[in-house]
Amino acid sequence: MNTFTSHNIALGKERTMSDTAILLKDSNLWKSVKSTVELFYPGPQKENAKYSVVDLGCLEGGYSVEFAKMGFNTLGIEVRQDNIDKCNYVKQQTGLGNLNFAKDDVRNLKNYGKFDITLCYGLLYHLDNPVAYLKTICENTNKVLVLHTHYANEFDFRYNLGALNNLYRPFEKRIKPLYTKRNFRLGRLTTHEGYRGRWYKEWNAGTADNKVSKMLWASHGNNQSFWLLKRDLIKALYAVGFDHVFEQTNFTGDDMAPDNYVEYNDRSMIVAFKK
Ligand SMILES: C[S@@+](CC[C@H](N)C(=O)[O-])C[C@H]1O[C@@H](n2cnc3c(N)ncnc32)[C@H](O)[C@@H]1O
């Protein structure tokens, strides 16, 4: 089994990562998802067994495990073989009968039917057509979408510098007051799928498939991703069919320091749901 890169999961007395790393189940990342879902599905576990969850781009399966432990019928979808091997190892070790994984591109979500809860954590900003994908998610979600994602800023002079931003980056890192927002080297502000945002380069076009499959956290099938502006992301969520859109910030704190995580990383947790 290759090394786990992010999800520290307790498997009996063992853990998938080091003893000093926080367990996913104890992290604010998971607790914020759990407490959100409990607003809609307060349980108990036996009641949750009537409902289903899909975990898109599930990496090593940590969130899927926790949903299954809550009682939900859970499917994790993940495109990379190295990651899905870890998911299946975790399934085998936990013995959870309501936990399943599929090795697939999340764009094929429609093939798996509808889910009551959709977790889209760290995935939307890896897609080149995020709005079309939000539509797919909405069509396949009965109740609630928990979306954890980066977004782009409308005003950021660094992204107008083009290649010069590569020179500017090391300079701003040394002068702390300049470095109030992480520099993702995004492209210029543009419109795509009718919404504003900026392009993010994941890997060089033409990179061999076997190399891309080893980039365990990256996009798959598109070498550039489109990061929507936050206000365009929210507009799109309503436009594709969600009735309510909230922002949830309980995930900050513990390993999501510093306190300004949301502002610094332009990343937040959005909860969208249907009446
Ligand atoms: C940044 S990681 C986030 C993982 C996990 N959801 C989490 O938040 O810890 C992105 C994950 O999405 C997967 N991924 C990226 N594009 C995908 C696609 N088109 N279909 C399925 N999985 C994809 C990657 O392999 C990786 O596991």
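1. Leu59 sits in the loop between β3 (52-56) and α3 (62-69). Its phi is near 55 degrees, a positive value in a residue other than glycine.

2. This is a predicted model, in which local features need pLDDT of at least 70 and side-chain atom pairs count only at pLDDT 80 or more, while totals for chains, interfaces and linings use all residues. Residues are numbered from 1 along each chain as its sequence is written, and side-chain values use heavy atoms, with hydrogens and water left out.

3. The protein chain has 9 helices and 12 strands. Its radius of gyration (over C-alpha atoms) is 19 Å, close to the 19 Å that the globule rule gives for 275 residues, so the chain is as compact as a globular protein of that length. That rule is 2.2 Å times the number of residues to the power 0.38. The C-alpha trace spans about 55 × 40 × 40 Å along its principal axes.

4. A cis peptide bond joins Gly43 and Pro44, with omega about 0 degrees. Pro44 lies in the loop between α1 (28-40) and α2 (45-48).

5. The ligand has 21 residues around it; His7, Gly57, Glu78, Arg80 and Tyr121 come nearest. A residue counts as near if one of its heavy atoms lies within 4 Å. By class, this shell has 10 nonpolar, 6 polar and 5 charged residues. Ala, Val, Leu, Ile, Met, Phe, Trp, Tyr, Cys and Pro count as nonpolar, Asp, Glu, Lys and Arg as charged, and the others, Gly among them, as polar.

6. A polar side-chain atom of His7 is 2.8 Å from a ligand oxygen. For a polar side-chain atom of Asn83, the distance to a ligand oxygen is 3.4 Å. Leu216 contributes a polar backbone atom, 3.4 Å from an oxygen atom of the ligand. The protein covers 95% of the 590 Å² of accessible area that the ligand has on its own (Shrake-Rupley method, 1.4 Å probe).

Notes
A polar contact is a pair of N or O atoms within 3.5 Å; within protein, one must be able to donate a hydrogen and the other to accept it, and residues adjacent in sequence count only if both atoms are side-chain atoms. Helices (H or I, at least four residues) and strands (E, at least two) are DSSP runs, numbered from the N terminus.
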